[in-house]
Amino acid sequence: MAQPDSKKIFFENLSGAGKAIAVLTSGGDAQGMNAAVRAVVRMGLYVGAKVYFIHEGYQGMVDGGENIKEATWESVSSMLQVGGTVIGSARCKEFRSHEGRLKAAHNLVQHGITNLCVIGGDGSLTGANLFREEWSGLLTELVEQGLIKADAVQKYSALHIVGMVGSIDNDFCGTDMTIGTDSALHRIIEVVDAIMTTAQSHQRTFVLEVMGRHCGYLALVSALACGADWVLIPEMPPEDGWEDKMCQKLSATRSRGTRLNIIIVAEGAIDRHGNPITSSIVKELVVKCLGFDTRVTILGHVQRGGTPSAFDRILASRMGVEAVLALLETTANTPACVVSLCGNQSVRLPLMECVQMTQEVQKAMDEKRFEEAVKLRGRSFENNLRTYKLLAHRKPECELPTSNFNVAVLNVGAPAAGMNAAVRSAVRVGISEGHKMFAVSDGFEGFYKGQIKEIKWADVGGWTGQGGSLLGTKRTLPAKHVDKIAEQMRQHNINALLIVGGFEAFLSLLELLTARGKYDEFCVPMVMVPATVSNNVPGSDLSIGADTALNAITTTCDRIKQSASGTKRRVFIIETMGGYCGYLASVGGLAAGADAAYIYEEPFDIKDLQANVEHLTEKMKTSIQRGLVLRNENCNENYTTDFIYQLYSEEGRGVFDSRKNVLGHMQQGGAPSPFDRNFGTKISAKAMQWVTKKLTETFRQGRVFANTEDTCCLLGMRRRALVFQPVVQLKESTDFVHRIPKEQWWLKLRPLMKILAKYKTSYDVSDSGQLEHVVRNRPRESDASVAM
């Protein structure tokens, strides 16, 4: 196995020996809470600490007794895929009183607990911080009452708090995504996709009410993900007279041949005067003004239920491990912190700064400062709202700028879920910016054959939820047909190219860049948006389609493991796609709770395979009934899936039997996940805005002429930001033989998977979250929010 870099800091320096950590879930439940609990327990035990469950949230802390139980490694097995919270959650009035907190302190001291990991919303975390501030005073009172000994005050002098935000509402400032939000979006989009088929059949209008309390995030993002005709959210109430505007929009949509309308209403939606706008009010309005057959669907607690998505499992697992590291590093002077996600990075933020910022949003809404409320929600929320308005509401022709530029959009490489959302976004943003948009069918193969036609606003309606590539996509590279492609560029007067695709798209841009020396037709702005299930495009941490593939892998692994329920001990060997890139195997393994994941980037030999078999054999004898091993399709030409299956079958004989499964192209199919729909929509919109800027900059003497490196770019997500990078500058960081980037951020997650599977390993904490401060519109809410 690859050896760790000695220059990095590893957490072996941090010991939990002698420490007691308690984990509780409080407030409303959210999918992914169990994954967070599992990570806290296993990481805590891994570093030598005692770990306790506190059942039923703060109520269990106040009541004590059987509610506070010591956790074992096995006690969190098989809970990764379970929704809700298995340790229970309850809202506790008693904890709000001084007497209740005194009881809670007494119960914690009896178990020697001075480290709390609280998973909940802003109310739960605020309560935890108050408890921490009162701690020393509470211990003094307990001594005076004779309930604890005097030396306990010194021994348990400080209570350390680390929070993780578990809430489907995503209403907490300081983190891109809260645990449970992505899963709630999955539930909403599943319902919307199902409703759209019946609505189309009967030419109906559907009004959907979604949860979110006073936050419109779920409504806004689901509207963006399904291309809803209208959305109503509390942060930005509609202007007076909105009723007529909405009906005009619905009527215009129908007049263009659309057979359905979707309106999404947040449960806290209000008008400019603070009056509630309910789903029933909207229905009555549509029926009265337009006479459309209209139905209301209130999703309710369906949004809280079900299996957590791959994103929520990974997020919760990372946050749980980070929370334990934060508790190990904390001192008496360290403020209570909340573990957050910024881009794809873990960050630690002072808990009360986040709470105060969250409360400021509500205050701004109460005082009708709605523009400020949107800004306080963060750049991600602001960008979602701006993008939705841009794509959902077409300006009249007279209001559109006239650029006289022609822009072509095409897909290159293998199909990936979310490609169609990206194309829709590019087309509509392009039209809004005054361009004439052209669609190229079947990639560069269709390009040189002349399969190019103008594409209009209405042509891409309903594309966001469609899997695959509606334009058609091929792996053909342009170099062989560059002369014919140049001719087509000239015939159609193409002034810019936007390519949505994978590694082939990257290679295509390099070839077109080279062709500029011979053909002036390629001296135009060219940009690529990464879209591939393999997530192997250099210059971007994430690609459109990878999240949908991860969810397909995770769901299938859940079912495969469940197939062995009640039978004898069994290990499953699962082969994933990805070419030479181990992203799907590694991150899918983390999401599915795998025991091992074999990838090309981390070389392994027969000794490693044998060690894995022995490790699983030992675990099977003592606890677990099912094992899961993932293998990337090209991880090793000799250690094939069949070989590993036969090795495990032979070496595990008498302890467990083995089964194998090749997931194949099911990883490329299916409807795109909410993440991929929104990532594709937002990144493509940004790419098209870049195209407009470059066209303006390079238009000279009546023509576009762009021949500099910075006019041929890849738009990728790097850590906390979306960045345009000249493709020529990415050549050095690319392994062209194996079609992968030379450095890949997700490799740092592999030790986390191993730790949670009970392997002894080194975990690099040099990139671990450092305590930062909440800043208004800080990079946290950059356009690159990892989810939406």
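The model is predicted. The second largest pocket holds about 1,000 Å³ of space. Strand β11 is largely enclosed by the rest of the structure, because six of its six residues are buried. Helix α22 is mostly covered, and β19, β20, β18 and β21 make up an open sheet with parallel pairing.

**Second largest pocket**

- The space in the second largest pocket comes to about 1,000 Å³.
- The pocket is lined by 48 residues, of which T307, R313, T554, T555 and D558 are the closest to its centre.
- Two or more lining residues come from each of α1 (33-46), α6 (181-202), α10 (310-329), α18 (546-562), β20 (626-632) and α22 (674-698).
- Among the contributing elements, α18 gives the most, with nine residues.
- Sorted by class, the lining has 18 nonpolar, 17 polar and 13 charged residues.
- As background, rolling a probe the size of a water molecule over the atoms shows where empty space is left.

**Helix α22 and P674**

- Helix α22 has 25 residues, and its first and last C-alpha atoms are 36 Å apart, close to the 36 Å expected at 1.5 Å a residue.
- Of the 25 residues in α22, 20 are buried.
- P674 is part of helix α22.
- P674 counts as buried because its relative accessibility is 2%, and the cut-off for buried is under 20%.

- Strands β10 (residues 337-342) and β11 run antiparallel and are joined by six bridges.
- Strand β11 covers residues 345-350.
- Q345, V347 and L349 point one way from β11, whereas S346, R348 and P350 point the other way; all are buried.
- In general, side chains in a regular strand alternate between the two faces of the sheet.

**Four-stranded parallel sheet**

- The open sheet has four strands in the order β19-β20-β18-β21.
- Its edge strands are β19 (596-598) and β21 (657-662), each of which pairs on one side only.
- From one strand to the next, the twist averages 20 degrees.
- Three bridges join β19 to β20, and these strands run parallel.
- A597 has L630 in β20 as its bridge partner.
- β20 also gives two or more residues to the lining of the second largest pocket.

**Loop residues**

- Most residues other than glycine have a negative phi.
- E56 is not a glycine, yet has a positive phi of about 60 degrees.
- E56 sits in the loop between β2 (50-54) and α2 (57-63), and is partly exposed at a relative accessible area of 34%.
- Q203, also a residue other than glycine, has a positive phi near 55 degrees.
- The loop between α6 and β6 (205-210) contains Q203, which counts as partly exposed at 39% relative accessibility.
- R394 is in the loop between α13 (379-392) and β12 (406-412), and its relative accessibility of 34% makes it partly exposed.
- R394 and I431 are 37 residues apart along the chain, and their C-alpha atoms are separated by 8.9 Å.

Note on methods
Residues numbered from 1 in each chain as written. Predicted model: local features only at pLDDT ≥ 70, side-chain atom pairs only at ≥ 80, totals over all residues. Heavy atoms only, no water. 1 Å grid on protein atoms, 1.4 Å probe; cavity = no way out; pocket = protein on both sides within 12 Å on 5 of 7 lines; lining within 4 Å. Points joined across faces, edges and corners; volume = space filled by probe spheres on them. Nonpolar A, V, L, I, M, F, W, Y, C, P; charged D, E, K, R; others polar. Buried < 20%, exposed > 50% of the residue type's maximum accessible area, 1.4 Å probe, protein only. Pairing = 2+ DSSP bridges. Expected span 1.5 Å × (residues − 1). Axes fitted to C-alpha atoms, helices over the stretch in contact; angles between N-to-C directions.
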